[in-house]
Amino acid sequence: MVQTEALLSIRDLSIQYVTRDMGCCRAVNNLSLDLQKGETLGLVGETGAGKTTIARGIMGIVPNPPGRITQGSIFFKGEDLLRKKKKEMRKIRGDKISMIFQDPMTALNPVDTVGEQIEEVLKLHQPGAGKEEIRQKAVQMLETVGIPGERIDEYPHQFSGGMKQRIVIAIALACSPELLIADEPTTALDVTIQAQILELMNKLKGEMNTSMLLITHDLGVVAEMCNRVAIIYAGEVVEIGTARDIFKNRSHPYTQGLFNSLPSVTGEKTKLKPIPGAMPDPSNLPAGCPFAPRCGYACEKCMAEHPELLPVEGEHYVRCWRAAEEEQHGIAAG
Amino acid sequence: MLYYIGKRVLLMIPVLIAVSFLIFSLLYLAPGDPARIILGDDAPESAILEKREELGLDDPFLVQYFRYIYNIVTRFDFGISYATGEPVVKSLLERYPVTIELALCCMFMMIIMGLPIGILSAVKQYSLLDNVSVTIGLVAVSMPNFWLGLVLIMIFSLRLRWLPASGFYGIKYWILPAMTVGFSNAASLLRTTRSAMLECIRQDYVDTARAKGQSEIRIILHHVLGNAWIPILTVIGMTFGRLLGGAIISEQIFSIPGLGKLMIDSINMRDYPMVRGGVLMLAVSFSVMNLLVDILYTFIDPRLKTQFAHRRFRKRAS
Amino acid sequence: MRSKNKAERNLEKNSMLRETFYRICQNKLAILCMVIFAIIVILVCLAGVIAPQGYDEQNVSNAFKTPSLQHIFGTDNFGRDIFVRVLYGGRITLLVSIASTMVATLLGLLFGCIAGYFGGAVDNVIMRVMDVFMAIPNMILAIVIATTLGSGMVTTVLAVAVGSVPGFVRIVRAPILSIRTSEYVESARAIGAKPAFIIIHHIIPNIMAQVIVQVTLGIANSIISVAGLSFLGLGVQPPTPEWGTMLSQARNYMMRSMYMVTCPGIAIVLSVISLNVIGDALRDALDPRLKN
């Protein structure tokens with residue numbers, strides 16, 4: 001993994017929220033990730049695993065206070081975003097990196113027309129362009145995402161949820177970004193609309209040659225969209241690999257748990273096996289493996305020592321003592 | 001849009017009629033025979049009967065009410081003052097500008113002090129500035145303006161002798177009354193602005209704007225304040241009523257010849273036509289102010305704007 | 001909390017009360033204000049014990065004294081002890097304010113419940129009448145009522161109460177409109193419960209939290225209105241001591257004594273601040289979502 005190869009590479013990133021009543025809350029811990037040009041990386045995990053915080057960290061919009069990036073670096077095309085000045089960061093946001101938010105119902109400013117909101121990002125990043133040109137581009141963007149251009153002067157409340165998400169996508173892609181961060185883009189939508197939106201994103205991503213970081217807790221979405229998948233638990237990567245690796249050879253007990261809590265459509269009627277317990281309190285993380293308290297295979301070592309991210313095979317890594325050992329045994333046995 | 005404004009204006013008319021009816025009947029029930037009030041306690045019975053006849057006091061209540069409204073609408077005639085024998089409307093028109101001037105003055109102070117500090121305090125939540133302004137705001141909201149007025153007079157007029165304690169002859173005379181009423185209202189505007197801003201500052205569209213690379217200042221002024229206007233405007237509109245009420249008290253304290261002082265004086269002299277006219281005028285001003293605020297909403301909130309502009313289109317669509 | 005429906009919340013009322021109490025205890029300023037208000041109320045209630053001689057003991061030769069051990073707030077123009085008068089005045093001010101808030105609350109609950117529960121024409125009529133009352137600034141409405149009914153304690157209660165009724169009606173009506181169509185109210189109706197029963201057993205417990213907050217803040221507002229009305233000479237009449245009346249008398253002696261102005265004023269400000277803080281703290285405690 002050479003840094004210059006990857007479009008985005010995160011190294012040892014830690015983000016904390018410090019509040020008066022809650023104390024220090026470690027949302028992201030020593031996280032490292034790479035995203036190659038043109039690929040789609042899925043970040044999968046439960047609510048509260050720190051996925052959104054990672055996205056905000058990359059965008060440089062972690063709410064501060066209470067949030068603070070305590071260590072690490074985020075290289076985007078070889079440059080550390082965390083070392084950039086605010087003003088430089090503003091130039092990158094919306095232009096080179098842009099973001100789609102979870103809830104389209106609230107992501108649009110209710111008092112501006114959708115046209116104004118698309119034009120806003122264009123104006124910021126194409127200062128030379130004339131008024132007419134920007135408006136043309138906004139109309140064109142609307143049509144690209146499948147909304148008739150003549151609705152440009154309407155307000156967000158006049159659109160349905162799916163339409164609003166299309167508009168949010170139009171805003172995010174207006175400047176043809178190199179990296180698109182999509183934070184649960186379909187969670188708030190109906191299933192039929194979900195498929196349309198995913199298809200639209202896939203299509204535009206291909207056309208614009210954009211790389212994508214897709215945050216979701218929906219393994220179905222992952223299967224559809226992602227080249228590679230990172231499973232996030234308690235603010236760290238517990239398993240990462242190609243989508244095929246993860247789906248065929250899930251190694252971390254948490255990943256297995258995620259799959260077991262999915263109802264099966266094809267197979268026989270099996271009982272769902274939800275993962276018992278809840279995420280550890282991020283203000284009070286256990287010393288060992290953060291998943292150990294919920295893990296059926298946990299041993300003493302898991303409770304005491306924090307596992308490393310160890311290779312399973314090829315680009316497939318897992319952060320689990322047992323899985324890593326088993327794999328070696330497996331190799332030895334085979 | 002015009003349709004909406006027209007509708008609001010028309011809707012205001014029944015309210016105003018009801019207000020006038022309420023005020024008229026309340027003061028109709030007030031103790032004391034008007035004829036006796038005018039002529040004095042030792043007037044002969046025959047003169048009183050004659051006066052009652054002349055004023056139409058023996059007519060049924062409703063007849064008197066409609067005559068009153070009819071005279072206002074057709075001739076802008078609010079009746080004759082019991083105390084001076086002159087038309088009420090003359091005194092009202094003389095005093096009205098003073099009260100409105102004072103209220104606008106207070107409003108100006110309130111907006112100048114309350115709005116920027118409220119915005120800053122929301123943007124820098126939990127900072128020193130925020131804590132200080134929230135504390136001062138709390139104290140100021142809890143301070144009755146008649147007491148603040150007295151304290152200000154004690155400090156600035158009696159002790160320091162910087163500002164005059166009474167009268168209304170120039171800028172110097174305005175400062176204390178405007179502070180008296182403006183201060184507590186500024187505090188309530190500050191509190192509303194702060195909480196309205198805080199409500200909007202954590203919204204997703206603010207993050208969307210950040211993700212676009214928009215600058216913080218533009219985000220605060222355009223995206224946050226743009227959405228916080230509605231509660232802020234409501235408070236400004238509602239406060240106008242409080243300012244009018246407060247104006248009565250500060251006019252009393254600072255001996256300012258406005259409507260409020262006129263009313264209190266008239267109440268003491270049992271000059272009910274004057275009171276009635278004054279209250280009616282203040283109530284109408286308050287209603288007009290609220291109407292203006294309502295109309296302003298439609299310019300600010302597109303949900304209202306489109307509701308009326310695209311009414312037909314929406315019906316078909318749904 | 002948010003995802004739970006109202007019925008479940010109702011079942012959890014006990015734990016919710018405990019939680020609310022716990023949250024208020026976290027708020028140190030609120031605790032301080034509760035203590036201050038409690039002290040004010042206790043002192044005011046014990047006025048007769050602290051100063052058995054009453055508020056009218058005059059001693060003209062002893063007028064305009066500055067504070068001393070004997071008269072801790074000094075004396076007024078008649079040589080009466082200001083501290084004692086503030087205590088006795090507090091009785092009237094607080095009593096009248098609380099009474100007027102109670103009247104407003106009851107009327108507000110009544111009309112609000114009727115308007116919200118029955119909706120339609122009834123709602124329309126009630127709300128239009130409220131609009132009329134809202135169209136007249138509170139202070140001015142109070143002045144007109146006080147003028148008509150003449151001055152005195154009972155009329156002050158009414159004059160101040162009428163102006164705050166619309167506020168209560170609105171607070172009560174809005175949640176009822178949404179509770180009215182909730183499933184548990186529908187089911188109560190389905191088993192044949194009468195409106196009055198549904199309102200008392202299902203609706204009022206659900207809006208109590210907002211009402212309590214509004215009552216606390218309402219008393220604070222009433223104190224200012226009552227004192228203001230008396231200050232204008234339209235409320236409680238001298239020689240009965242009342243904070244507003246005392247201030248109005250003090251106006252004439254501002255050159256001679258600052259204590260006549262400051263002491264009753266500080267009593268008002270302290271009571272109002274503590275009630276406002278308690279009200280805000282209650283609101284935050286009952287609905288923690290509002291506090292970001």
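**Exercise 1. Explain why strand β9 (residues 228–233) of chain A is described as largely enclosed by the rest of the structure.**

Step 1. Six of the six residues of β9(A) are buried, so the strand is largely enclosed by the rest of the structure. A residue is buried if 20 or more other C-beta atoms lie within 10 Å of its own, exposed if 12 or fewer, and partly exposed in between, with C-beta atoms placed from the backbone. Strands (E, at least two residues) and helices (H or I, at least four) are DSSP runs, numbered from the N terminus.

Step 2. This is a predicted model, in which local features need pLDDT of at least 70, side-chain atom pairs count only at pLDDT 80 or more, and totals for chains, interfaces and linings use all residues. Residues are numbered from 1 along each chain as its sequence is written, and chains are lettered from A and ligands numbered from 1 in the order in which they are written.

**Exercise 2. State which strands pair with β9(A), and in which sense.**

Step 1. Two strands pair if DSSP finds at least two bridges between them. Strand β3 (residues 40–44) of chain A pairs with β9(A) in the parallel sense over four bridges. In that pairing, A:Arg228 of β9(A) is the bridge partner of A:Leu41.

Step 2. With strand β10 (residues 236–242) of chain A, β9(A) pairs in the antiparallel sense over six bridges. Here A:Tyr233 has A:Glu236 in β10(A) as its bridge partner.

Step 3. β9(A) and β10(A) form a hairpin with two residues between them, and A:Ala234 in the turn has a positive phi of about 45°.

**Exercise 3. Describe the fold of chain B.**

Step 1. Chain B has 14 helices and zero strands.

Step 2. Its C-alpha atoms fill a box of roughly 85 × 70 × 30 Å along the principal axes. Of its 318 residues, 40% count as buried.

Step 3. Two residues are in contact if their C-beta atoms, placed from the backbone, lie within 7 Å. Among contacts in chain B between residues at least 6 apart in sequence, 71% join residues at least 24 apart.

**Exercise 4. Determine which chains touch and what the touching sides contain.**

Step 1. Of the two pairs of chains that touch, B and C have the most contacts. Chains A and C do not touch, and their nearest C-alpha atoms are 10 Å apart.

Step 2. Between B and A, 19 residues of chain B are in contact with 25 residues of chain A. α9(B) gives the most to this side of chain B, with six residues. By class, that side has four nonpolar, nine polar and six charged residues. Ala, Val, Leu, Ile, Met, Phe, Trp, Tyr, Cys and Pro count as nonpolar, Asp, Glu, Lys and Arg as charged, and the others, Gly among them, as polar.

Step 3. Between C and B, 33 residues of chain C are in contact with 40 residues of chain B. The largest share of this side of chain C, eight residues, comes from α12(C). The side of chain C that touches chain B has 23 nonpolar, eight polar and two charged residues.
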